[in-house]
Every structure is written in structure tokens, then in C-alpha cells.
Amino acid sequence: MGDRRSAPPYRERYPNRYRTAGSFELSLALEAGSYAGERSIDASNPFQKFSKNNGASLAVAGSYGMTQENVLVLSYRLFDIPQLFADGAQSDEQIRPEDSSEWVHLLSFLGRRLFAPSWRVSPTLQIGLAGLLSHLNGETKVGVGPQLGVGLDAALAPRIGGFVELNATIIYPGDATDRIDTETRFGDPLVFAGGGLRYRLNSR
């Protein structure tokens, strides 16, 4: 009988993998975003607004792994909201494209929790605070709100990881996104879904 040794655990085969305490990472993600505030196209309910008012989003982030399970994340997201006009039924004010920008800037500070970090693919949960910056009708608007996200983190190599995520945030006040705040006193929701790559900078 030959020597049938079992393969070592994944953590032992990749001792310098990026899920380690004290690691710094950079990540880049391509996403599809959607918006359900009053800036969106006319629709009978918020779900139609989400499905019909989509835009492209690019997210870059830097993170620090305090432990294998707990990571601090600072991210910047650039999101295109293609529809600039508010629903006429909700407000008499119309967002004028020539005086406004379709692009919205979102800065987020999050804590990410990895479940079962020794697995090749680990479920993640992240929660934190986001700040929004927009330019509407010659005026710069600022808003803040909570952000919540879930995803899957895949260890591809000792320094490289892939991920898919779904993130949602609610911005207060609602007029920070579209200058209209008649229907959504609750705030304006933004949702992003996409994926990307992470690269660990240090070799610790």
C-alpha cells in the first residue's frame, strides 16, 4: 500500500494568504447601481424605480484586517444616475440636466465580518456609515446614512481575492440626492451589486 497522506488544510497550504491579521488590501469593483428616490423616472412603485433607473458604478477601497474575521474598510464609489428629472406628480421642481451632474460620489466607512475565514469562499457581512456628495442645479448637496452589505469573499491566491457583494444605503436628507424630499422622508435608497478583486499589499 502506498503512503496516502491527506492534503493539508487550505490554511496550511497558503500560509501567507490575504486573510491574516495586520493585512492591508486594495480592492476594485465594477457594479450596477439603482436608485429609488424622486429623481428617478415616473413609476407606480419603488420597485419599478429600482428596475428602470439603473446606472454604472465603480468602487475602490482600502481595508485593514484587525483579525482574520474582522476588517475595517474605507471605500469610494462613483455612481451614475442617468435620469435627472424628478417625477412631475411628486414635485413641481425639475432637475435641469445642464445645471446638474449625473454622477454621485459616495464615501463609506465600514466594518466587515468574515464567517469561516479558513474556507476558500467565506460569507461576509458589513455595516457602517456612508456620506454622499452631489451637484444639482449649481448647488453642492451633502447627505449621510447607514450602509449594509452582504457578500462572498473567495481566496484565489496568497495575496489575491475575489468577491461579490450587494450593498444598500439610505441617504438623509433625501434632497441630497435629487433636491426633492416630498415622498421619501425616510431617505433615498441606493442599491449596488457587483464584484471585483482584492490585492494584499503587505506580506505579513
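**Overall architecture, cores and cavities**

Of the 204 residues of the protein, 43% count as buried, where buried denotes under 20% relative accessible area, exposed over 50%, and partly exposed the range in between, as computed with a 1.4 Å probe on protein chains only. The model is a predicted one, in which local features need pLDDT of at least 70 and side-chain atom pairs count only at pLDDT 80 or more, whereas totals for chains, interfaces and linings use all residues. Residues are numbered from 1 along each chain as its sequence is written, and side-chain values use heavy atoms, with hydrogens and water left out.

The protein contains three helices and eight strands, these being DSSP runs numbered from the N terminus (helices, H or I, of at least four residues; strands, E, of at least two). Along the sequence these elements follow the pattern α-β-α-β-β-β-β-β-β-α-β. Strand β1 (23-35) is joined to β2 (54-65) by twelve bridges, the two strands running antiparallel, and Leu 30 has Leu 58 in β2 as its bridge partner. Eleven bridges join β1 to β8, again in an antiparallel arrangement, and here the bridge partner of Glu 31 is Gly 194 in β8. Strands are taken to pair if DSSP finds at least two bridges between them.

The largest nonpolar core has eleven residues, namely Tyr 35, Phe 79, Ile 81, Val 104, Leu 106, Ala 130, Leu 132, Ile 171, Ala 176, Leu 190 and Phe 192. The elements that give two or more residues to this core are β4 (103-114), β5 (121-136) and β8 (188-200). A second, separate core of five residues includes Val 71, Val 73, Leu 110 and Leu 114. A nonpolar core is here a set of buried Ala, Val, Leu, Ile, Met, Phe, Trp, Tyr and Cys residues joined through side-chain atoms within 4.5 Å.

The structure also holds two cavities of 30 Å³ or more, a cavity being a set of points, on a 1 Å grid over the protein atoms alone, where a 1.4 Å probe fits but cannot get out, with lining residues having an atom within 4 Å of a point. The largest cavity has a volume of about 140 Å³, the volume being the space filled by probe spheres set on the points, which are joined across faces, edges and corners. Its lining comprises 20 residues, of which Ser 27, Ala 61, Ser 75, Arg 77 and Glu 165 lie nearest the centre of the cavity. At least two lining residues are supplied by each of β1, β2, β3 (70-80), β4, β7 (160-171) and β8, and the largest share, four residues, comes from β1. By class, the lining of the largest cavity has eight nonpolar, seven polar and five charged residues, with Ala, Val, Leu, Ile, Met, Phe, Trp, Tyr, Cys and Pro counted as nonpolar, Asp, Glu, Lys and Arg as charged, and the others, Gly among them, as polar.

Several local features were also examined. Thr 169, placed in strand β7, is buried, with a relative accessible area of 3%, and a polar atom of the side chain of Thr 169 lies 2.7 Å from the backbone oxygen of Pro 146. Tyr 172 and Pro 173 are joined by a cis peptide bond, with omega about -15 degrees, and Pro 173 is found in the loop between β7 and α3 (175-178). In the loop between β4 and β5, Ala 116 has phi near 55 degrees, a positive value in a residue other than glycine, and, at 25% relative accessibility, Ala 116 counts as partly exposed.

Terms used
On a 1 Å grid over the protein atoms alone, a cavity is a set of points where a 1.4 Å probe fits but cannot get out, and a pocket is an open set with protein on both sides within 12 Å along at least five of seven lines; lining residues have an atom within 4 Å of a point. A polar contact is a pair of N or O atoms within 3.5 Å; within protein, one must be able to donate a hydrogen and the other to accept it, and residues adjacent in sequence count only if both atoms are side-chain atoms.
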